[in-house]
Amino acid sequence: MQVKRFFAADMRQAMKLVRDELGAEAAIIGNRRIAGGVELTAALDYKLSALAPRVPNIELEDELRKTQSRIVTAQAELTHRSELDTVANRQLFTGVAMDDSKQIEPTLDEPFRPSIHAAIAADRAERAERQSVEPGISQRAYDSMRSELNGLRELLEVQLGSLAWNQLQGSRPQQANLWRRLQRVGLSGPLSRDLLAMVPDTDDQPHAWRMLLAHLARMIVTPDVEPLEEGGVIAMVGPAGMGKTTTLAKLAARYVLKYGAQNIALVSMDSFRIGAQEQLKTLGRILNVPVTHVDPGQSLAQALEPLLRKRVVLIDTAGLQASDPALRLQLESLAGRGIKARNYLVLATTSQKQVLTAAYHSYKRCGLAGCILTKLDETASLGEVLSLAVTHELPVAYLTDGPRIPDDLHLPRRHQLVSRAVSVQMQEEPSEEAMADMFADLYHSPGKRAG
């Protein structure tokens, strides 16, 4: 038997190291949190592994049962400790209450009274100090146990994901192939699961694939009326680098070419980025459109008041980090009373999934009317941004795919957008580790399990 320890920043990376070096048949015989990450102890028995069938993975099932048993034991111990601490605290408070109710006997001589009072005060101080220390120790124990439980849960999810994926390949290879194709497009695990639930099992793979893409196209929402045609106050929001200012320039030029410059105005709330206001001023001069600047602390409602007669007002906002206090003030201004702005989240399709998700959660506070997808000509995958738009029911208002103003601004067509997502999909098949990790992520999300 070969036994080896592996160190990594998190459980998923550690499991990948185990799989890469010892193979999928390796058994996890120990895990613990260490400074800077986790430590896994894995074992490989060549004789047993050579005889064991690959699907289902018997050793993995045994380890899952062991891990579940450890979680149940740890939870029971945590509950037991909590009950003991509750009883101890009740007794402690009862003792203090009894001490408070005791009265000094009147037969005691006066010289002894100060000493007795001092002793009682000292005893109360000691009890209070013990009360303040004991919960601290108990809290540290709880935190340690919670950390261990989280580590066990993460390990269990990784193992369950690997087991589920291996079993799906063995029992339903046709559906496993569809899972791989959806992952090549870049769609999220939960969205892929929902799409596959709409398609009945069939051996006709081309037909099943066409059905999946048709369902995906129907799930993408687009506005019934183009935002510029609807008019009103339209704000571009989103992190820096997403293309807000360029998109605003394309929208303004599109409107001016169609309706003229009389009924449109531009507003800049970006006083943080160097040259942002100058860019908008230059655009205003070229299009002969008035430009208004809103300084920090100035009321957006007051800045918009002289522009109420304009048919369209386009607002360029600052791309601020989620931790920046100025972002909260900016979002409050856009969502304030008297501001009937439709806020569109500008998302660069070249951004990673984590960046897109963080942008949505940071800017949804101001109320989002939809999203605008930019840089389609530079992206290597559209699945991530489409997953975000579908999952959070964000209508896709516009697409941009180049630097030309306004020629590279387009209205979205759902089937064309899906076709484009397929055309830029990954060329290589996703690895077995990537598929197992995706199945592990599904255990975080509600709904039916994969397969």
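Residues are counted from 1 along each chain as its sequence is written, and side-chain values rest on heavy atoms, with hydrogens and water left out. Because the model is predicted, local features need a pLDDT of at least 70 and side-chain atom pairs count only at pLDDT 80 or more, while totals for chains, interfaces and linings use all residues.

Of its 451 residues, 44% are buried, where buried means under 20% relative accessible area, exposed over 50%, and partly exposed in between (1.4 Å probe, protein chains only). Take the contacts between residues at least 6 apart in sequence: 75% of them join residues at least 24 apart, a contact being heavy atoms within 4.5 Å.

Next come the pockets. The search runs on a 1 Å grid over the protein atoms alone: a pocket is an open set of points where a 1.4 Å probe fits, with protein on both sides within 12 Å along at least five of seven lines, and lining residues have an atom within 4 Å of a point. Volume is the space filled by probe spheres set on the points, which are joined across faces, edges and corners. The largest pocket comes out at about 950 Å³. It is lined by 36 residues, with Gly 186, Leu 187, Ser 188, Gly 189 and Lys 353 the closest to its centre. Helices H5 (173–185), H6, H13 (353–363), H14 and H16 (432–442) each put at least two residues into this lining, and H16 gives the largest share, with six. By type, the lining of the largest pocket splits into 15 nonpolar, 13 polar and eight charged residues; here Ala, Val, Leu, Ile, Met, Phe, Trp, Tyr, Cys and Pro count as nonpolar, Asp, Glu, Lys and Arg as charged, and the others, Gly among them, as polar.

The second largest pocket holds about 330 Å³ of space. Its lining has 26 residues, and those nearest the centre are Gly 241, Met 242, Gly 243, Lys 244 and Thr 246. Helix H9 (residues 244–259) supplies the largest share of that lining, five residues. The breakdown for the second largest pocket is seven nonpolar, ten polar and nine charged.

Back at helix H6 (residues 189–197), the buried residues are Gly 189, Leu 191, Ser 192, Arg 193, Leu 195 and Leu 196. At the start of H6, a side-chain oxygen of Ser 188 comes to within 3.4 Å of the backbone nitrogen of Leu 191. Arg 184 belongs to helix H5, and it counts as buried because its relative accessible area is 15%. Apart from neighbours within four places in sequence, Arg 184 is in contact with Gln 425, Met 426, Gln 427, Glu 428, Glu 429 and Pro 430.

Ser 381 sits in the loop between strand E9 (368–374) and helix H14 (383–391). It counts as buried because its relative accessibility is 16%. Residues up to four places away in sequence aside, Ser 381 touches Val 185, Gly 186, Thr 349 and Val 424. Ser 381 and Ala 421 are 40 residues apart in sequence, yet their C-alpha atoms are 6.5 Å apart. A polar atom of the Ser 381 side chain also lies 3.5 Å from the backbone nitrogen of Gly 383.

As for charge pairs, the structure holds seven salt bridges, each a side-chain nitrogen of Lys or Arg within 4 Å of a carboxyl oxygen of Asp or Glu. In one of them, the side chains of Glu 226 and Arg 254 meet at 2.9 Å, N to O. Glu 226 is in the loop between helices H7 (205–219) and H8 (227–230) and Arg 254 is in helix H9, so this pair ties together parts 28 residues apart in sequence. Glu 226 is buried at 14% relative accessibility, whereas Arg 254 is partly exposed at 27%. Another salt bridge joins Glu 229 and Lys 258 (2.8 Å, N to O). Glu 229 is partly exposed at 25% relative accessibility, and Lys 258 is exposed at 55%.

Key
Helices (H or I, at least four residues) and strands (E, at least two) are DSSP runs, numbered from the N terminus. A polar contact is a pair of N or O atoms within 3.5 Å; within protein, one must be able to donate a hydrogen and the other to accept it, and residues adjacent in sequence count only if both atoms are side-chain atoms.
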